[in-house]
Amino acid sequence: MARFQRSTVPRLFNTFYSNKTTPSSSSSLTAALILGNFEVRHFSAGNVARAKDDKEPWWKESMDRLRNIGISAHIDSGKTTLTERILYYTGRIHEIHEVRGRDGVGAKMDSMDLEREKGITIQSAATYCTWKDYQINIIDTPGHVDFTIEVERALRVLDGAILVLCSVGGVQSQSITVDRQMRRYEVPRLAFINKLDRMGADPWKVLNQARSKLRHHSAAVQVPIGLEENFLGLIDLVQLKAYYFHGSSGEKVVVEEIPADMEAMVAEKRRELIEMVSEVDDKLAEAFLNDEPISSADLEEAVRRATIARKFVPVFMGSAFKNKGVQPLLNGVLRYLPCPIEVSNYALDQTKKEEKVMLSGTPDGPLVALAFKLEEGRFGQLTYLRVYEGVIRKGDFIVNINTGKKIKVPRLVRMHSDEMEDIQEAHAGQIVAVFGVDCASGDTFTNGSVKYTMTSMNVPEPVMSLAVQPVSKDSGGQFSKALNRFQREDPTFRVGLDAESGQTIISGMGELHLDIYVERIRREYKVDATVGKPRVNFRETITQRAEFDYLHKKQSGGQGQYGRVCGYVEPLPPGSPIKFEFENMIVGQAIPSNFIPAIEKGFKEAANSGSLIGHPVENIQIVLTDGASHAVDSSELAFKLAAIYAFRQCYSAARPVILEPIMLVELKVPTEFQGTVAGDINKRKGVIVGNDQDGDDSVITANVPLNNMFGYSTALRSMTQGKGEFTMEYKEHSPVPQDVQMQLVNTHNANKAAE
């Protein structure tokens with residue numbers, strides 16, 4: 001998803017100050033936001049770029065006062081504590097509870113043990129708060145749920161993000177991963193160096209690490225007054241003011257002049273900030289090179305422009321636990337992160353083969369909304385929607401593009417953690433939840449006038465399966481409820497039934513993907529499940545043409561069975577979009593036409609399990625050339641059975657081969673481990689197709705059979721001291737070597753004999 005700065009929206013920050021002098025207008029706006037009683041006027045998109053004194057569209061101010069942000073970081077950098085403080089200072093919650101507090105309440109955002117795995121676990125996908133008449137939606141950004149579609153959707157919904165770094169731990173492995181994801185989805189971000197009250201806190205070391213390890217073009221916009229136990233407050237380098245935090249929970253922010261003993265350091269750090277921003281912002285560079293004095297307003301606008309263009313990362317500081325530095329960070333979110341109309345979002349037009357279409361992001365266009373998260377609420381399924389364009393109203397009819405169903409919006413709510421408030425309508429840029437709408441995660445809703453989807457509808461095929469079953473017989477209901485819910489949430493997760501063994505088979509995108517779901521069944525539904533051995537989804541195919549001529553005849557008193565089919569099977573040409581083709585080339589009425597569908601059904605059924613290892617046969621064309629029927633004894637069943645036996649008869653003559661899934665594996669490892677990792681890939685019968693250098697890391701691309709990739713994440717960690725990471729996606733099915741084929745066939749036959 002590409003996002004670019006929208007140059008057509010001249011975003012002058014002085015609107016923020018000019019609006020502060022008219023509290024009546026801002027309070028009426030807040031009332032309008034809460035009650036949803038907006039007056040709808042139609043206007044042309046050209047209005048956005050018009051001058052300030054021209055009559056602005058009704059939505060302009062409310063869009064400017066909206067931020068959709070995510071907070072993400074390495075585990076234990078203090079995300080949950082920071083979110084807790086943000087909710088407290090914005091009035092969402094009225095008392096602070098610590099993550100591991102003695103009162104046993106736990107932070108508002110924490111839920112159970114999954115906290116430790118998922119980074120932040122906000123009980124809902126989005127909680128919203130108000131700061132200085134601005135609305136901020138804080139969206140739960142999943143940690144590292146293994147490269148599934150869900151992570152992409154959460155990042156898709158963000159317009160900006162806060163990357164939290166620990167002042168002692170610095171840039172850790174997960175910080176690098178999170179930052180890489182933000183870069184991939186082109187999310188503008190601020191950095192917040194937390195825990196300045198800890199022993200050994202060194203924000204300047206962390207800033208240098210962010211520049212070297214994360215390749216951030218960044219500079220501090222604040223300087224701490226004292227560190228560790230002497231950490232008293234912060235100096236804002238843009239406004240040149242000192243901030244101290246008083247009161248039992250740091251709620252009183254006292255603004256003072258800069259202490260005399262710190263003036264030299266402040267001047268040096270401010271110059272460094274101006275230099276760094278000048279490198280990426282031409283307007284500021286001009287003033288800097290001409291030695292003109294740079295005012296606070298000029299510097300602020302330049303930092304904003306550079307941040308939104310993703311060329312610069314402003315660094316904030318503080319200690320969330322000691323209640324210091326959170327309010328200036330919130331001001332930074334308003335000042336430097338983009339509002340929804342400053343970010344470009346693209347939709348895919350389904351009528352034009354998924355051609356990219358840029359959305360205007362204004363409430364004036366047709367409705368386009370993305371369901372990015374589902375939750376089982378007390379009143380049924382709760383669907384979180386991010387509205388990208390247009391207006392959604394309670395009682396409206398909306399169309400689910402992915403399924404084509406038309407549905408009515410029964411109830412529209414805005415979420416605060418786990419409480420909700422009913423609203424009548426919501427416009428572009430907002431995040432709302434709807435009840436009673438049956439859909440899957442990632443579905444796109446429109447008002448029916450356009451056929452846009454926000455994400456591609458091509459869901460990758462699952463590559464790995466596991467057999468699962470609940471330990472106790474009684475928990476079957478909860479077990480199936482969990483599987484149904486996960487299937488709706490994640491389109492890459494499939495559930496099927498193995499006809500032979502009667503086991504439930506779950507399929508997904510890799511080992512970790514399925515492990516996480518088994519773990520979630522245990523945690524969220526309290527169902528212990530036993531997991532079978534992972535199974536790779538092999539396929540079979542044929543390599544040459546083979547004839548068949550089979551007569552199925554059975555006479556056992558009464559009406560018999562009679563059916564004869566003749567023809568040939570042959571492989572489809574490579575790259576063919578269809579996997580199975582049946583062609584009837586009989587001239588005349590050798591077989592009555594009403595029996596032809598039964599023959600096709602028989603061949604399809606037979607192709608469901610090949611005779612080599614019992615996996616489906618694909619890329620196969622069956623041509624029927626002749627046959628015979630009996631006036632009395634021929635029936636649909638007789639011809640279906642004839643087709644099944646004919647397929648089995650000619651299958652071995654068509655030289656069948658086994659196809660295995662080949663994965664495109666991309667590894668990112670520090671250069672010193674490159675040799676070891678490449679050697680290991682060769683050992684796993686992988687083919688290295690690319691090797692690039694990215695800073696201190698080597699990026700290796702390889703095609704490796706999935707069957708040889710089990711347990712790879714553990715192996716990679718031990719080879720690279722935990723510094724390597726890999727992504728794996730399905731590429732194609734390709735024939736296995738002859739020795740592997742023999743081995744697979746022998747194993748299959750042995751298992752069959754044992755049963």
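The model is predicted.

**Cores**

The largest nonpolar core holds 98 residues. Within this core, L82, I136 and L273 touch the most other members. Helix α12, residues 326-336, supplies the largest share of the core, with six residues. A second core is separate and has 41 residues. Its members include V527, I613, A702 and Y712.

What does L82 contact, leaving aside neighbours within four places in sequence? Its partners are I71, V164, F192, A320, V326 and L329.

**A buried lysine**

K269 is found in helix α9, which covers residues 263-278. Is K269 buried or exposed? The relative accessibility of K269 is 14%, and the cut-off for buried is under 20%, so K269 counts as buried. Not counting residues up to four places away in sequence, K269 touches W204, V223 and L237.

**Cysteines**

A disulfide is a covalent bond between the sulfur atoms of two cysteines. How many disulfides does the model have? The count comes to zero, with a pair of cysteine sulfur atoms required to lie within 2.5 Å. C566 is buried, with a relative accessible area of 9%. C650 is buried too, with a relative accessible area of 2%.

| Residue | Relative accessible area | Class |
|---|---|---|
| C566 | 9% | buried |
| C650 | 2% | buried |
| K269 | 14% | buried |

Terms used. Residues numbered from 1 in each chain as written. Predicted model: local features only at pLDDT ≥ 70, side-chain atom pairs only at ≥ 80, totals over all residues. Heavy atoms only, no water. Buried < 20%, exposed > 50% of the residue type's maximum accessible area, 1.4 Å probe, protein only. Core = buried A, V, L, I, M, F, W, Y, C linked by side-chain atoms within 4.5 Å. Helix = DSSP H or I, 4+ residues; strand = E, 2+ residues; numbered from the N terminus. Contact = heavy atoms within 4.5 Å.
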